[in-house]
Amino acid sequence: MLRIPKTQWVASLASATRNQSTSARRTTGDEYQYLQRSKIPMLHFQPSLPRLPIPELEKTCARYLAAQQPLLAPDAFERTKQAVEQFSKADGPKLQSLLKEFDAKNKHTSYISEPWFDMYLRDRVPLPLNYNPLLMMNPDPRPQYNEPVLRTTNLVISSLRFMKSLRAKTLEPEVFHMNPAKSDTQTFRTVTSLMPSIISTYVAYTFKAFPLDMSQYQGLFGGTRIPELGKDRIYRNDTSRHLLVLRKGNMYAVDVLDAEGNIEQPATLLARFERIFNDAKPVAADPLGLLTTEN
């Protein structure tokens, strides 16, 4: 899961713009533009991450039955058991063999990746709840930072700093630390960064630290789903400079990066979001976003 960066110091920057006292030193340069400058290269562990293993057919069948049992009446479950037993002796071994053959030819990815994206892009159920996540945040303990436009500005700036660090590959690798006191240390970072990528994950294991896959991080920004007949497609553009704001069913494209790709100043972003927030435009009669709730 993606961790949202802390925004405390950015909040100070944005709130200061109301008094026109923002420090130019703090809103220029790498400290403002980037969230992290990791000692370990962001994708350092990727080449040595273990691949997702294919479960044995017997275990797959057993897990399927275990998932079905709470959902089915006893007679329906008995019929399901018979069908699974027949599958495990007839079509199952052939399909298992084909799956292993497919996996062996695609060692650059997981055996579930292509089928999952195919299912996802063909599915016609509503996106909200079924696929699109919902994020809710606790109020800031400091009441002055809960003003909607100010908080929006803070969150956007933090997200952009994360995005720029991601694109520059300076984010810290995602690592699950079993014993942070031992592994979430400078020693761990120094040792693993000096190791060849092909063995770095196994070196991390000796610290009881487990690097996680970051291959899908590229899809976090500058991407959208283009609807098409039969199967949609994912479109990505890492040169886009805007984000989309929805307000009362109306859509606004807001530039958040300048022509050189730098994050706009807090005062600039705050003013743009305030203009949208105070826009007298009425609620859209037929908000286009509602289409995502339909089949």
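**Salt bridges across the chain**

Reader: Hi! What do the side chains of Asp118 and Lys231 meet in?

Author: Asp118 and Lys231 meet in a salt bridge, at 3.0 Å from N to O. The pair ties together parts that are 113 residues apart in sequence, because Asp118 lies in helix α6 (residues 113-122) and Lys231 in the loop between β3 (223-226) and β4 (233-236). A salt bridge here is a side-chain nitrogen of Lys or Arg within 4 Å of a carboxyl oxygen of Asp or Glu. Helices (H or I, at least four residues) and strands (E, at least two) are DSSP runs, numbered from the N terminus.

Reader: And what's the background on the model and numbering?

Author: This is a predicted model, where local features need pLDDT of at least 70 and side-chain atom pairs count only at pLDDT 80 or more, while totals for chains, interfaces and linings use all residues. Residues are numbered from 1 along each chain as its sequence is written, and side-chain values use heavy atoms, leaving out hydrogens and water.

Reader: Which residues are linked in a network with Asp118?

Author: Arg122 and Lys231 join Asp118 in a network of salt bridges.

Reader: New topic: how far apart are the closest N and O atoms of Asp232 and Arg124?

Author: They are 3.1 Å apart, in a salt bridge. Asp232 sits in the loop between β3 and β4, and Arg124 in the loop between α6 and α7 (148-167), 108 residues apart.

Reader: Is Asp232 buried or exposed?

Author: Asp232 is buried, at 8% relative accessible area, whereas Arg124 is partly exposed at 34%. Buried means under 20%, exposed over 50% and partly exposed in between (1.4 Å probe, protein chains only).

Reader: Nice! How many salt bridges are there?

Author: The count comes to 15.
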